[in-house]
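I am opening my notebook on a structure that is new to me. Come along while I look things up, one entry at a time.

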Amino acid sequence: MQLTPVGELLLPRARRILGDPEEALAAIDGELASRNGQLSLGCIPTATRLLLPHILRAFHERRPRTRLRIVEGNVASVAAAVRDGTVDFGVTLQPAVADGLAFDPLLTEPFLLACPGDHPLAAQPRVSWNDLRPYRLIVSEPGSGNRAVLEQALRKWRWQRDHLVEIDHLTRSLGLVEAGIGISVVPLSALPDMPGARLAIRALDGPRVTRTLGLLRRRSIPLGAVAQQFWRAVRQLAPTLEAHARERAGRLLTP
């Protein structure tokens, strides 16, 4: 048997692969990736609980064999990962510095009060921002996207807090609230569907503080086939996300 010219060219690599199981697996992985595609997403923690699963479910129905990679980070780190190509998209808030990036809004949601179920505020039919003054407030650390949204909105009302509990991720505040450490103001998508007796959720009168979540992508780089399908699937899902958020807020705020 005599090899063709192409076979002669491939023979050295074939011998290396047969002699190196790790290289063989890498070659197989590369071939599978080229057929099925890969998608990398950066996501802020408060969007991973409910928003991200909705988005991925819609995409998975179209491309069930696509490999997914999800990286959590704050708004700044997600924006940096999108900018340098580490991830294809960010599921995040609009960053303060968005040079070279495009932000496609998906969902605008309110911030709601979370307090212990036996807290005095839980017994009030309506709660204002001023009602929060006597109590310890659990907030995300300075520089976080959620902290920036709250500070910008409440600065207009000259509302300030003189004693705070600061944590790195706002998603961790609910455990502290249930333990009676303080109260917190949390975006809707970070709240559980069934809060339970130890946690009360209330709307806040006064300035209506909201945040807008969306897809962050590089503006000048054309999307690949997998990324285009993901972008189209998520954009088509946007009206459903808004409707689901309204329904969920109504359910959480019903006594």
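**Entry 1: Arg-217.** I started with Arg-217 and found it in strand E11, which spans residues 210-218. I kept in mind that this is a predicted model. Is Arg-217 buried or exposed? I looked up its relative accessible area, which is 18%, so Arg-217 counts as buried, the limit being under 20%.

**Entry 2: its neighbours.** Next I checked what the side chain of Arg-217 meets: it makes a polar contact with the side chain of Asp-104, at 2.9 Å. Leaving aside residues up to four places away in sequence, I noted that Arg-217 touches several others, among them Val-82, Asp-88, Phe-89 and Trp-231.

**Entry 3: aromatic pairs.** How many aromatic pairs are there? I counted two. In one, the ring centres of Phe-59 and Phe-230 are 5.3 Å apart with planes at 80°, so I wrote down edge-to-face. Phe-59 belongs to helix H4 (residues 51-62) and Phe-230 to helix H8 (residues 225-252), so this pair ties together parts 171 residues apart in sequence. I found both Phe-59 and Phe-230 buried.

The rings of Phe-89 and Phe-230 have centres 5.1 Å apart and planes at 45°, so I noted this pair as tilted. Here Phe-89 in strand E3 (residues 89-93) is linked to Phe-230 in helix H8, 141 residues away. Phe-89 is buried, as is Phe-230. Together, Phe-59, Phe-89 and Phe-230 form one aromatic cluster.

**Entry 4: the whole protein.** Stepping back, I listed eight helices and eleven strands. Of the 255 residues, 43% are buried. The protein exposes about 14,200 Å², with 53% of that supplied by carbon and sulfur atoms.

Technical notes
Residues are numbered from 1 along each chain as its sequence is written. This is a predicted model: local features need pLDDT of at least 70, side-chain atom pairs count only at pLDDT 80 or more; totals for chains, interfaces and linings use all residues. Side-chain values use heavy atoms; hydrogens and water are left out. Helices (H or I, at least four residues) and strands (E, at least two) are DSSP runs, numbered from the N terminus. Buried means under 20% relative accessible area, exposed over 50%, partly exposed in between (1.4 Å probe, protein chains only). A polar contact is a pair of N or O atoms within 3.5 Å; within protein, one must be able to donate a hydrogen and the other to accept it, and residues adjacent in sequence count only if both atoms are side-chain atoms. Contact means heavy atoms within 4.5 Å. Accessible areas come from the Shrake-Rupley method with a 1.4 Å probe; for residues, only the protein chains shown count as cover. Rings of Phe, Tyr and Trp (its six-membered ring) pair if their centres lie within 6.5 Å; planes under 30 degrees apart count as stacked, over 60 as edge-to-face and the rest as tilted.
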